[in-house]
Every structure is written in C-alpha cells, then in structure tokens.
Amino acid sequence: MSNRNRADLLAAVTVAARRQHAAYALFNQAMADQLGLHPTDLQCVSLLGLEPEPLTTGEIAKLTGLTSGSATRLVDRLERAGLVHRRPDPHDRRRTRVSLTAQRSPEAEAAWDAPGSAFAEVLDDFTDEDLEVVERYLRRATQVGSEQAERLRKQ
C-alpha cells in the first residue's frame, strides 16, 4: 500500500493521465503517418471498427466532433483510400450508411501488430480486479471528456 495521501495520489493520477494523453496523441499521429492517413481519419476508422452497425455521416460527425461537411469530406477521403464504403440506408433512401471495408485491412492489421502487442503487455501486470478499476476509470474519463468537448464546442 502506498504511503502517499489522497491529494498526492490525485495529483499523480492527473499528471500520469495528461502524459498518457500526450503520448497517445503522438502515437496516433505516428500510426496515421505510417498508414498515410490524417489522425482524425485514423480515429474514425478505429471508431467505425467498434460499432456493431454501419453509421451515417451524421453519426460519424457526432462521434468525431466534426461538422457534417467535414465528416462528409472525411468519409470521402476514407472511401478513396479504400477503407470504407457507403451503402444505401435500408430504412431511409436519402441517407447512406458507412462501414469499413476489408480492402486495406491486411496493411492496417500489420501496422497494429507491434503496438497492439506492446499495449496488451501493459495489462499483463494487472489483476482482474485492477483491470475492472482501469476499465471503470477509462469509461468514466471518456464520458467526461466527451461532455467537456461538447461544452467547449458550445462556447
């Protein structure tokens, strides 16, 4: 057990989180460069991979914090790169749904091999209980980050 008091622990977590955010931003840029993408495009591809169903461009705009016009241009770039395809929405002919393609997946998968293994190794030292705490923190921090981004956009 640590001898640090709560204030010291909170300060240490805050510093570590800020450093992690900065390191991940640099990693995201390097990975995007490796794949010939813009960092926002890489994040969109990552987020699309987490969704169970194809998304509309409007939903992509919300997920990425982009305007609808910027999200449309992002989808255009990803489509030209062979990473996504558009399909008509079966429930609304005016809309299209965007999903990942398999066309460039071997290249993208290979690029993630080393970093994916390295990030997975980080978790090897944690107990199942630790992992539950980490997941809870990440979910809550993600929610707060999304809320704060929305608040800042409205200002």
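Modeller: Of the 155 residues of the protein chain, 21% count as buried, where buried means under 20% relative accessible area with a 1.4 Å probe, protein chains only. This is a predicted model, in which local features need pLDDT of at least 70, side-chain atom pairs count only at pLDDT 80 or more, and totals for chains, interfaces and linings use all residues. Residues are numbered from 1 along each chain as its sequence is written, and side-chain values use heavy atoms, with hydrogens and water left out.

Colleague: How many helices and strands are there in the protein chain?

Modeller: The protein chain has six helices and two strands, in the order α-α-α-α-β-β-α-α along the sequence. These elements are DSSP runs numbered from the N terminus: helices are H or I with at least four residues, and strands are E with at least two.

Colleague: What box do the C-alpha atoms fill?

Modeller: Taken along the principal axes, the box is roughly 60 × 40 × 25 Å.

Colleague: Now the core. Which residues touch the most other members of the largest nonpolar core?

Modeller: They are Leu37, Leu48, Ile60, Leu78 and Val84, out of 20 residues in that core. Helices α1 (6-35), α2 (39-50), α3 and α4 each supply at least two residues of this core. A nonpolar core here is a set of buried Ala, Val, Leu, Ile, Met, Phe, Trp, Tyr and Cys residues joined through side-chain atoms within 4.5 Å.

Colleague: And what does leucine 37 touch?

Modeller: Not counting residues up to four places away in sequence, leucine 37 touches Ala32, Leu42, Leu78 and Leu83. Contact means heavy atoms within 4.5 Å.

Colleague: How do the axes of α3 and α4 cross?

Modeller: The axes of α3 (residues 57-64) and α4 (residues 68-80) come within 8 Å and cross at roughly 105 degrees. The two helices are therefore roughly perpendicular to each other, a label that covers 65 to 115 degrees. The axes are lines fitted to C-alpha atoms over the stretch in contact, and the angles run from 0 to 180 degrees between N-to-C directions.

Colleague: Which residues meet there?

Modeller: From α3, Thr57, Ile60 and Ala61 meet Ser68, Ala71, Thr72, Leu74 and Val75 of α4. The residues of this contact divide into five nonpolar, three polar and no charged. In that scheme Ala, Val, Leu, Ile, Met, Phe, Trp, Tyr, Cys and Pro are nonpolar, Asp, Glu, Lys and Arg are charged, and the others, Gly among them, are polar.

Colleague: What about α2 and α4?

Modeller: Their axes come within 10 Å and cross at roughly 80 degrees, so α2 is roughly perpendicular to α4. Thr40, Asp41, Cys44 and Val45 in α2 meet Leu74, Arg77 and Leu78 in α4. By class, that contact has four nonpolar, one polar and two charged residues.

Colleague: Changing topic, how many bridges join β1 to β2?

Modeller: Six bridges join β1 to β2 (residues 92-100), and the strands run antiparallel. A hairpin connects β1 to β2 through two residues, and proline 88 stands opposite threonine 96 in β2. Strands pair if DSSP finds at least two bridges between them.

Colleague: Is aspartate 89 buried or exposed?

Modeller: Aspartate 89, in strand β1 (residues 84-89), is buried, with a relative accessible area of 3%. Leaving aside neighbours within four places in sequence, aspartate 89 is in contact with Thr56, Arg95, Thr96 and Arg97.

Colleague: Where is threonine 56 placed?

Modeller: Threonine 56 lies in the loop between α2 and α3 and is buried, with a relative accessible area of 7%. With neighbours within four places in sequence left aside, its contacts are Asp89, Arg95, Thr96 and Arg97.

Conventions:
Parallel < 35°, antiparallel > 145°, perpendicular 65-115°, else oblique. Buried < 20%, exposed > 50% of the residue type's maximum accessible area, 1.4 Å probe, protein only.
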